[in-house]
Amino acid sequence: MRMLLIHADYLEYEVRDKALKNPEPISDEQRKGRLDEVLAVFISVEKVDEANPEEVVGKAVAEIEDVAKQVKAERIFVYPFAHLSSELAKPDVALEVLKKIEEKLKEKGYEVKRAPFGYYKAFKLSCKGHPLAELSRTIVPEEGVSK
Ligand SMILES: Nc1ncnc2c1ncn2[C@@H]1O[C@H](CO)[C@@H](NC(=O)[C@@H](N)CO)[C@H]1O
C-alpha cells in the first residue's frame, strides 16, 4: 500500500464520471464532500496487500494515527487514489481495505470522511506547507507470515 499524507487547510471533492464499470454506489449527498483542518490520506492499495488485507489495514491505521498526532489533526480524509502505484490491488479488495481503514479511524475518535471509490473526481486541496505537511508511507504485509 502507498500513502500520500497531506496536512491541509481543506480538501474538497466533487464526483464526475465513473472510472470503473461498477463503482461504489453513492447517495446524492456523497457526490460532494469537504473537510477543513484535515489530514488528507491518498491511498493506493497494492496487489501485495491482497496477501493479508487485515494486517495492512492495521499498519495503515497506525501510520495515519502517528502522523495525525504529530500534526495535531483531528479530521482525516481517506481518499482512494490509484496513481501512487503500478501494481494495484483488485478494486473489490481495495474498497474493503479502504472501508476498514475508515471504520478503525472512526473507532479511534477521529472525524473521518472517505471519498467515493471508482470515480473520477475534481478536488481542491490547500496544503499547509509546514515541514510535516507532505509525507508518504509504504506498507506491506510481513513476508511469509501465515495469518
Ligand atoms: N487499488 C486501488 N487503490 C485505490 N483506489 C482504487 C484502486 N483500484 C481502483 N481504485 C478506484 O477506482 C478508480 C479507478 O482506478 C480510482 N479513481 C481514482 O484514483 C481517482 N483519483 C480518479 O483517477 C479509485 O477511486
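**Pockets, a helix and an aromatic cluster**

In this predicted model, F42, Y79, F81 and F123 are joined into a cluster by ring pairs.

Visitor: How many residues apart are F42 and Y79, and which strands hold them?

Guide: The pair links distant parts of the chain, with F42 in strand β2 and Y79 in strand β3.

Visitor: Is F42 buried or exposed, and what about Y79?

Guide: The cut-off for a buried residue is a relative accessible area under 20%. F42 has a relative accessible area of 2%, and Y79 is likewise at 2% relative accessibility. Therefore F42 counts as buried, and for Y79 the class is also buried.

Visitor: Which element gives the largest share of the lining of the largest pocket?

Guide: The largest pocket has a volume of about 450 Å³, and of the 21 residues that line it, P80, F81, A82, H83 and G118 are the closest to its centre. Two or more lining residues come from each of β2 (32-44), β3 (75-80), α2 (91-107) and β5 (119-127). The largest share, four residues, is given by β5.

Visitor: How many residues in the lining of the second largest pocket are charged?

Guide: This second largest pocket holds about 220 Å³ of space, and its lining includes E24, E29, K32, E102, K106, K113 and R114. The elements β2, α2 and β4 (111-114) each supply at least two of the lining residues, and β4 gives the most, with three. Sorted by class, the lining has three nonpolar residues and two polar ones, while the number of charged residues is seven.

Visitor: What span from first to last C-alpha does α2 reach, given its 17 residues?

Guide: At 1.5 Å a residue, a helix of 17 residues such as α2 is expected to span 24 Å. The distance from the first C-alpha of α2 to its last is close to that expectation, at 24 Å.

Visitor: Which elements do the buried residues of α2 pack against?

Guide: The buried residues of α2 are V93, A94, L95, V97, L98, I101, E102 and L105, and among them E102 also lines the second largest pocket. The partners against which these buried residues pack are β2, α1 (53-71), β3 and β4.

Visitor: Which residue just after α2 takes a positive phi?

Guide: The position in question lies just after α2, where phi is about 100°. The residue with this positive phi is G109.

Visitor: Where E37 and K72 have positive phi without being glycine, what accessibility class does each fall into?

Guide: E37 has a phi near 50° and is placed in strand β2, while K72, with a phi of about 60°, is in the loop between α1 and β3. E37 has a relative accessible area of 40%, which lies between the limits of 20% and 50%.

Terms used. Residues are numbered from 1 along each chain as its sequence is written. This is a predicted model: local features need pLDDT of at least 70, side-chain atom pairs count only at pLDDT 80 or more; totals for chains, interfaces and linings use all residues. Side-chain values use heavy atoms; hydrogens and water are left out. On a 1 Å grid over the protein atoms alone, a cavity is a set of points where a 1.4 Å probe fits but cannot get out, and a pocket is an open set with protein on both sides within 12 Å along at least five of seven lines; lining residues have an atom within 4 Å of a point. Grid points are joined across faces, edges and corners, and a volume is the space filled by probe spheres set on the points. Ala, Val, Leu, Ile, Met, Phe, Trp, Tyr, Cys and Pro count as nonpolar, Asp, Glu, Lys and Arg as charged, and the others, Gly among them, as polar. The expected span of a helix is 1.5 Å times one less than its number of residues. Buried means under 20% relative accessible area, exposed over 50%, partly exposed in between (1.4 Å probe, protein chains only). Contact means heavy atoms within 4.5 Å. Rings of Phe, Tyr and Trp (its six-membered ring) pair if their centres lie within 6.5 Å; planes under 30 degrees apart count as stacked, over 60 as edge-to-face and the rest as tilted.
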